[in-house]
Structures are given as structure tokens and as C-alpha cells.
Amino acid sequence: MVESSTPQGTTLFTPYKMGRFNLSHRIVLAPMTRCRALNGIPQAANVEYYKQRATPGGLLITEGTSISPTAAGFPHVPGIYTDEQTEAWKKVVDAVHAKGSLIFCQLWHVGRASHQVFQPGGTASPISSTNKPISERWRILMPDGSHGKYPTPTPLTPTQILEVVTHYRDSALNAIRAGFDGIEIHSAHGYLIDQFLKDGINDRTDQYGGSITNRCKFLMQIVQAVISAIGPDRVGVRISPAIDHLDAMDSDPLSLGMAVIKGLNQLQRETNKLAYLHVTQPRYTAYGQTESGRHGSEEEEASMIRSWRKAYDGTFMCSGGYTRELGMEAVAQGDADLVSYGRLFISNPDLVTRYRLNAPLTRYVRATFYTPDPVVGYTDYPFLNHHSRL
């Protein structure tokens, strides 16, 4: 367990050393699904989008990127499990690096948060820790723009689980081959890894179910496999123990977060420190409202985050409903080393500049978040100074 040693006067614009990487500020582009990678392959529009949001010494995290043909649950999300996808990502990485920015690729498998239409052949059931489907409270975005019902998933066997672990490892190697500075393992928000972590979903009776230690096993196997392939200092992990997105509920989110952190700290003692731990605030919701989470008051939620922050031995990143003021407060108080921003970064490609100047922000248009248009709602949001595009 480590106590925060944040220097007095720390702001979002105080430089930060994240292991081998030197950051000039602490504002991170959060990973966000944008549905612009046609047929799973990054396009010229993706290059422009990330280039617009790159800053010297900044850190970008890509949208969730599929690790296998079974991993997608949205239309036109990118993958990084084929040579063609990997080569296409190189153009994104090169454009971002040309602006002096770092970029991590978020590795993603949605698990049961998918549909037959997104599976190989268009008929297979999605995979998960369980055969329980996501409730009708939630709807899945279909390729034609309509919203459908989540189907009944098929539980992974232990052998199949190990195959998925290998998919994460291979995709991490592909990401490094594409030039990415590192990867983030998406273990949050009700997707596949979270479906193993949360006791509200995981009803297994084998070595991957029951106790918190068993439920964390899948994640720890993935982290071990990935760090053995690319090194720990290129690996970030994202979790959301206190968030019920896609029915991902846990009876004891504080203990779950502590168990994950204990496992990650142990791996770090055996190797070297990971790049970061990325935790989503409980106030995050599926539809973007900044609200109190389901597990208690804002004070209780803040206390939970601080407990995890103190327990984790390494760089701690927070996300979920942050404003400029809340971000400044988080780093000044030592509650986070880095703060990632999502929706505000969509509509303000120069968010870092605007925050530095405390300038007005452009409002985002939610209706265009997931459209396949390569420009509208994607690369057409204005800059404060149009010359800053160059």
C-alpha cells in the first residue's frame, strides 16, 4: 500500500512520469466507441480523428479494439487480430507520434454484450462467463441502426478461456507491431472480463467462479500473458467495480476492486510496474449523465476511489463525468495521477488547449456518437484556432 506523494500545487498541466513515458500534462483521451472503422479496419477518418486530439507529451487511448472475430458488439469497431487491421493502425499511430503524442490501444472483448449478427457466420451465440443474457433494460445497436435484444450467451469452457487469453496476448503483440506505445486491457463496463469479475453475472462453479480470487483469475491470466509478451510498463488495466452498466453488478464493489489491485500489485512485485490502473468513477452511466452511482452517496463513492488509489502501487488514472474543475481537484488532492476525458474530447479536439486557457467548450451531439459517417460528429468539431490543426 502506498500513500499519495503528489507535490503541492499539482494541476492537470503538471508534467508526469508514467514509467518509461514522460507526459507533459495529465489530460488523457479516454477510450470511446465511435463506429467509424468500416468492416473492422481503421480508415483515413480514424487517422484524422486521433491526430486532431494528439498533443506533444499527451496520452491517447484508442476506442475498444476487438481481439478476435467473436469480440465485437457494435457495428464498425476496429480490430487488431489480422495483418490488415494491424497495418491500418500503423497510419493512426504514425500520425499521432508525428505530433509528439503517445497512444495506447485498448484491447476489447464484449462477451455477452454482442449479438449473433456480429459473430462469425452470423449465427453463433456470444460467449461469456455465464448463460444469463443481459436484461431487456438494455438494447444493442444493430448494423442497420436499429436496437435489438441481447441474446442468450454460451459459457466459455476452461479450455476456451485459455484460448481467449491467447487472443489478448496476440493482439497485444500486434499492437506493438503497429507501433503503439502500449495497450489497455478493458476489464470494465460489463464486457467479457467484467462478466467474470462481478458476482451479479458470474455464476460459475469451477475455478473461475465463486470466490473473489476465482473471479479475478481470468483477468490475472490475461495480464500475465500480456506482460510476458510486451513488458509490464506497456500495459494498462481498466476496471469499474462499482458500475452496473449492462447489468454488471457486484455485491461488494470495494472488496472486488481491492482484490484486483492486490493481484496487480503482486504481479508488479514479480516483474516491474504496469503503465497504469484506469478506474471509472461510479457516477459514470451508460448514457453519459453525471449522477450518483447505485452503491451509495457521492461521499461514499469518493471514499471507495481513494481506498483503491491508496492501495494501488503505481500510476492511478480516473475517468467518468470529470469537468476541468473536478480534474484539477482530483490531481491536486492526490486522488489521481491522470484524468481521462471522453465526451468532452469528442466535441473539443483541442480540449487540452481549451482547458489550459479555461476557454468555453463546444457541446457534443449525442445523436452522432455512433454513426458511421466519417466526418459528421467525428472530425468536424471546431478548434479554438483553426491553425492548431496544423
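**Burial, pairing and bridges**

Tutor: In this predicted model, strand β5 is mostly covered, since seven of its seven residues are buried.

Student: Which residues of β5 lie on one side, and which on the other?
Tutor: Leu102, Phe104, Gln106 and Trp108 lie on one side, whereas Ile103, Cys105 and Leu107 lie on the other, and as every one of these residues is buried, both faces of β5 are covered.

Student: Why is cysteine 105 called buried?
Tutor: Its relative accessibility is 0%, and buried means under 20%; cysteine 105 therefore counts as buried.

Student: What makes β4 and β5 a pair of strands?
Tutor: Pairing requires at least two bridges between the strands, and six bridges join β4 to β5, so the two strands qualify, and they run parallel. One of the residue pairs is glycine 64 with its bridge partner in β5, glutamine 106. The chain passes from β4 through α2 to β5, and this β-α-β crossover is right-handed.

Student: How do you know that β5 also pairs with β10 (residues 182-187)?
Tutor: Four bridges are found between β5 and β10, where at least two are required, so this too is a pair, again in the parallel sense. Here phenylalanine 104 has glycine 182 as its bridge partner in β10.

Student: Which elements do the buried residues of α1 pack against?
Tutor: The buried residues of helix α1 (residues 44-52) are Ala45, Asn46, Val47, Tyr49, Tyr50 and Gln52, and they pack against β3 (27-29), β4 (59-66), α2 (83-98), β5 (102-108) and α9 (343-347).

Student: Why is the contact between arginine 215 and aspartate 250 called a salt bridge?
Tutor: The closest N and O atoms of arginine 215 and aspartate 250 are 3.1 Å apart, and the cut-off is 4 Å between a side-chain nitrogen of Lys or Arg and a carboxyl oxygen of Asp or Glu, so the pair meets the criterion. The pair links distant parts of the chain, with arginine 215 in helix α5 (residues 212-230) and aspartate 250 in the loop between β11 (235-239) and α6 (253-270), 35 residues apart.

Student: Are the two partners buried or exposed?
Tutor: Arginine 215 has a relative accessible area of 5% and aspartate 250 a relative accessibility of 5%; since buried means under 20%, both count as buried.

Student: How many salt bridges does the structure hold?
Tutor: The structure holds 14 salt bridges. Among them is the one between lysine 149 and glutamate 136, at 3.3 Å, N to O. This pair also links distant parts of the chain, 13 residues apart.

Student: How do you know that cysteine 105 is in no disulfide?
Tutor: The structure holds zero disulfides. For cysteine 105, the nearest cysteine sulfur, that of cysteine 35, is 16 Å away, whereas a disulfide needs two cysteine sulfur atoms within 2.5 Å; cysteine 105 is therefore in no disulfide.

Technical notes. Residues are numbered from 1 along each chain as its sequence is written. This is a predicted model: local features need pLDDT of at least 70, side-chain atom pairs count only at pLDDT 80 or more; totals for chains, interfaces and linings use all residues. Side-chain values use heavy atoms; hydrogens and water are left out. Buried means under 20% relative accessible area, exposed over 50%, partly exposed in between (1.4 Å probe, protein chains only). Contact means heavy atoms within 4.5 Å. A crossover is right-handed if, with the strands pointing away from the viewer, the path from the first strand over the helix to the second runs clockwise.
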